[in-house]
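Dear colleague,

I am handing over the structure we spoke about, together with notes on what was found in it. Please look through the sequence and the model first, and then read on.

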Amino acid sequence: MVAPLNQVLFMGLHTTAPIVVTSLGTAFNAAGATLTLAITVPAGAAIIVSASEYNVTTGGTLSDTTNGAYTAVKTQSDVVTQLTAFVFLNSAALTTITLTYTKALSGSQCDLSAAYATNVATSSAVDSAVTVGATSASANPPVLNLTSGTPGVAGEVFFGFSSGQGNGVAPTWTADTAHGWNTPPPFSVVQAVANSNAAPWLAGGYVVNSGSGTIVFHPIINAGNGARTANAVIIGLKPA
């Protein structure tokens, strides 16, 4: 039996809704046991957060007052600073609730950057095959050049984050647009103490992988007063 023409056209035009990433902002401080950010998120979205903390080798924990604890997907440390990527899938609808990062070291200098993504799978979305992390060699500026793992499906959204010790100047971070990464926001560069020689900087981006191959993450950080190392991670989330 042949389908009616209008049914054939409908079947041919059907597509998966595109993944959309929206900034939730940044936060930073240099005192206290926690760092907080007020966020508003639609129901069903995935929340993606990066955190960088100074003078620790392990990451802290993250939660919000409605969803509870977030999953730390990847942590990377160069001993001086650490970088952690967190995810919460299938969020409840949130309206100006508090996102709280509990530091690994109370009083440390800390940065936080967050976004949410719609049309991501609501369960088992984190593709562990994509997850990678690396620490650069010490240089001025440090050079980050990281390749993701191979995704399990086409159309995943990759998030790439980087951080490092301050270098005495205002950090500038150039997105790797040559490999398709977006220009911030949603993960604008932030530093806990401006122009510090210690306080970590944090930045990142995302790219929707139209295929199922690996993707390079090669952002550029500016030079400063001396050689430093930097950390980078990539994580991937499957589409709905």
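Of the 240 residues of the protein, 48% count as buried, where buried stands for under 20% relative accessible area, exposed for over 50% and partly exposed for what lies in between, with a 1.4 Å probe and protein chains only. Please keep in mind that this is a predicted model, in which local features need pLDDT of at least 70 and side-chain atom pairs count only at pLDDT 80 or more, whereas totals for chains, interfaces and linings use all residues. Residues are numbered from 1 along each chain as its sequence is written, and side-chain values use heavy atoms, with hydrogens and water left out.

Overall picture

The C-alpha trace spans about 75 × 40 × 25 Å along its principal axes. The radius of gyration is 19 Å, which agrees with the value near 18 Å that a compact globule of 240 residues would have; the radius is taken over C-alpha atoms, and the globule rule is 2.2 Å times the number of residues to the power 0.38. Among contacts between residues at least 6 apart in sequence, 82% join residues at least 24 apart, a contact being heavy atoms within 4.5 Å.

The accessible surface comes to about 9900 Å², of which 57% belongs to carbon and sulfur atoms, as computed by the Shrake-Rupley method with a 1.4 Å probe; for residues, only the protein chains shown count as cover. The protein has 4 positive and 7 negative side chains, and the centres of the two sets lie 5 Å apart. In that count Lys and Arg are positive and Asp and Glu negative, while His and the chain ends are not counted, and each charge is placed at NZ of Lys, CZ of Arg, CG of Asp or CD of Glu.

Five strands form an open sheet in the order 10-18-12-15-14, with antiparallel pairing; two strands are said to pair if DSSP finds at least two bridges between them. The edge strands of this sheet are strand 10 and strand 14 (190-191), each of which pairs on one side only. Strand 18 (residues 230-237) has eight of its eight residues buried, so it is largely enclosed by the rest of the structure. In a regular strand the side chains alternate between the two faces of the sheet. In strand 18 both faces are covered, with Ala230, Ala232, Ile234 and Gly236 buried on one side and Asn231, Val233, Ile235 and Leu237 buried on the other.

Strand 10 (residues 132-135) pairs with strand 18 over four antiparallel bridges, and Val132 has Ile234 as its bridge partner there. Strand 12 (residues 157-164) is joined to strand 18 by eight antiparallel bridges, with Phe159 opposite Ile235. At the other end of the order, strand 14 and strand 15 (residues 201-208) run antiparallel and share two bridges, and Gln191 stands opposite Trp201.

Strand 9 (residues 110-118) is mostly covered, eight of its nine residues being buried. Nine bridges join it to strand 1 (residues 20-29) in the antiparallel sense, with Asn29 opposite Cys110. Strand 3 (residues 46-54) is also antiparallel to strand 9, over eight bridges, and there Ala46 has Ala117 as its partner.

A further open sheet is formed by four strands in the order 2-8-4-5, again with antiparallel pairing; its edge strands are strand 2 (34-41) and strand 5 (68-69), each pairing on one side only. Within this sheet, strand 4 (residues 61-64) and strand 8 (residues 94-102) pair over four bridges, and Leu62 stands opposite Tyr101.

Backbone details in the loops

A cis peptide bond joins Asn140 and Pro141, with omega of about 5°, and Pro141 is found in the loop between strand 10 and strand 11 (146-147). A cis peptide bond also joins Pro185 and Pro186, with omega of about 25°, and Pro186 is found in the loop between strand 13 (173-174) and strand 14.

Val79, although not a glycine, has a positive phi of about 80°; this residue is found in the loop between strand 6 (71-77) and strand 7 (81-88) and counts as exposed at 59% relative accessibility. Asn119, also not a glycine, has a positive phi of about 70°, lies in the loop between strand 9 and strand 10, and is partly exposed with a relative accessible area of 30%.

With best regards
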